[in-house]
Amino acid sequence: MDYRLLGNSGTVVSSLTLGTMTFGSEADEPTSHAIIDAFVAGGGTFIDTADVYSGNDSERIIGRWLRDHPTDAQQVVLTTKGRFPQGDGPNDLGLSRRHLRVALDASLERLGVDHIDLYQMHAWDALTPIEETLRFLDDAVSAGKIGSYGFSNYLGYQVTKAVYEARLHDWAPPVTLQPQYNLLVRDIEHEVVPACLDAGIGLLPWSPLAGGWLSGKYQRDEAPTGSTRLGEDPKRGMEAWEARNADERTWKVLDAVSAVADAHGASRSQVALAWLLARPAVTSVLLGARTVEQLQDNLGAADLVLDQAELQTLTEASAPRIDDYPYGTAGVAQRERKTTGGR
């Protein structure tokens with residue numbers, strides 16, 4: 001297992017993170033605890049959850065594991081998130097000081113800890129002034145309730161606005177951003193990744209296997225069945241079967257992943273994860289697993305090193321579709337500068 005700094009903080013985390021959205025829904029408590037055991041045994045130290053996962057059950061399941069494994073728990077770097085509804089009232093959601101105070105205290109209680117290493121804002125809140133949110137987070141850092149904070153699903157300008165508001169008021173800075181990022185979803189490279197690189201913010205990509213697509217479990221023009229996410233719900237969110245199956249780019253990417261995997265005797269999942277681990281600004285990649293077997297296969301990505309030619313093959317095959325301006329060749333040319341001669 002590789003270890004990296006958590007964004008611009010001094011905390012060190014494993015390059016692979018255990019995502020626990022499945023805990024309490026797709027994985028029962030004994031299975032969830034076995035998954036944590038396998039993750040820690042494989043050198044993993046970073047565990048990610050959220051108050052909204054499985055109706056708070058994910059946090060409770062992790063809390064009971066931490067209680068029962070006090071020695072291992074000392075090495076765990078813990079992150080959770082707040083923002084989404086925790087009740088039916090108008091103040092039971094969002095990034096207001098009022099909601100975050102209640103949400104953070106509730107997360108601490110469910111997890112059975114007195115502080116959370118990284119507290120993430122689960123999504124942007126257009127109604128709450130960003131100064132209110134950042135002041136609350138700075139106060140939480142000062143009070144010792146959280147070690148640092150970050151965001152999830154923010155746009156580039158939102159990240160930059162938060163960074164400079166924190167600097168203006170001399171508040172604790174954000175250290176991470178958790179976006180969707182994988183070989184099939186790369187549009188964050190236009191604005192979000194540059195914003196994070198500029199601020200020294202570390203990326204914590206979620207859905208690194210694109211909802212299972214990059215694992216090679218789905219075949220072209222064969223509708224998924226059985227106990228997979230798309231088998232159970234083919235119209236599931238952004239990874240819905242019909243649209244991606246009809247997109248030629250999907251199969252171009254999967255063919256490239258398969259070729260590299262075959263050359264290494266590795267799984268498709270390991271190759272997709274290894275590519276992501278080599279991307280700029282990436283601190284740690286989230287692994288979501290229903291079973292110990294799935295997790296153990298994914299952990300193999302930590303030992304898989306792709307050469308530059310293989311990385312380039314995957315990068316070119318998965319290049320996002322863009323118009324010429326502002327992100328295509330013409331737009332990029334406007335932002336470049338030579339040291340001598342010409343434009």
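Author: What follows sets labels against their definitions. This is a predicted model, where local features need pLDDT of at least 70, side-chain atom pairs count only at pLDDT 80 or more, and totals for chains, interfaces and linings use all residues. Residues are numbered from 1 along each chain as its sequence is written, and side-chain values use heavy atoms, with hydrogens and water left out.

Reader: What makes the 86 residues a nonpolar core?

Author: A nonpolar core is a set of buried Ala, Val, Leu, Ile, Met, Phe, Trp, Tyr and Cys residues joined through side-chain atoms within 4.5 Å. Buried means under 20% relative accessible area, exposed over 50%, partly exposed in between (1.4 Å probe, protein chains only). The largest such set here has 86 residues, and W213 and L214 are among those with the most contacts inside it. Apart from it lies another core of eight residues, including V13 and L286.

Reader: What does W213 touch?

Author: Contact means heavy atoms within 4.5 Å. Leaving out residues up to four places away in sequence, the partners of W213 include L184, W241, R244 and W251.

Reader: How do you know that α6 has the span expected of a helix?

Author: Helices (H or I, at least four residues) and strands (E, at least two) are DSSP runs, numbered from the N terminus. The expected span is 1.5 Å times one less than the number of residues. Helix α6 has 14 residues and reaches 20 Å from first C-alpha to last, close to the 20 Å expected. Buried residues of α6 include G156, V159 and A166. Their cover includes α5 and β7. Just after α6, D170 takes a positive phi of about 60°.
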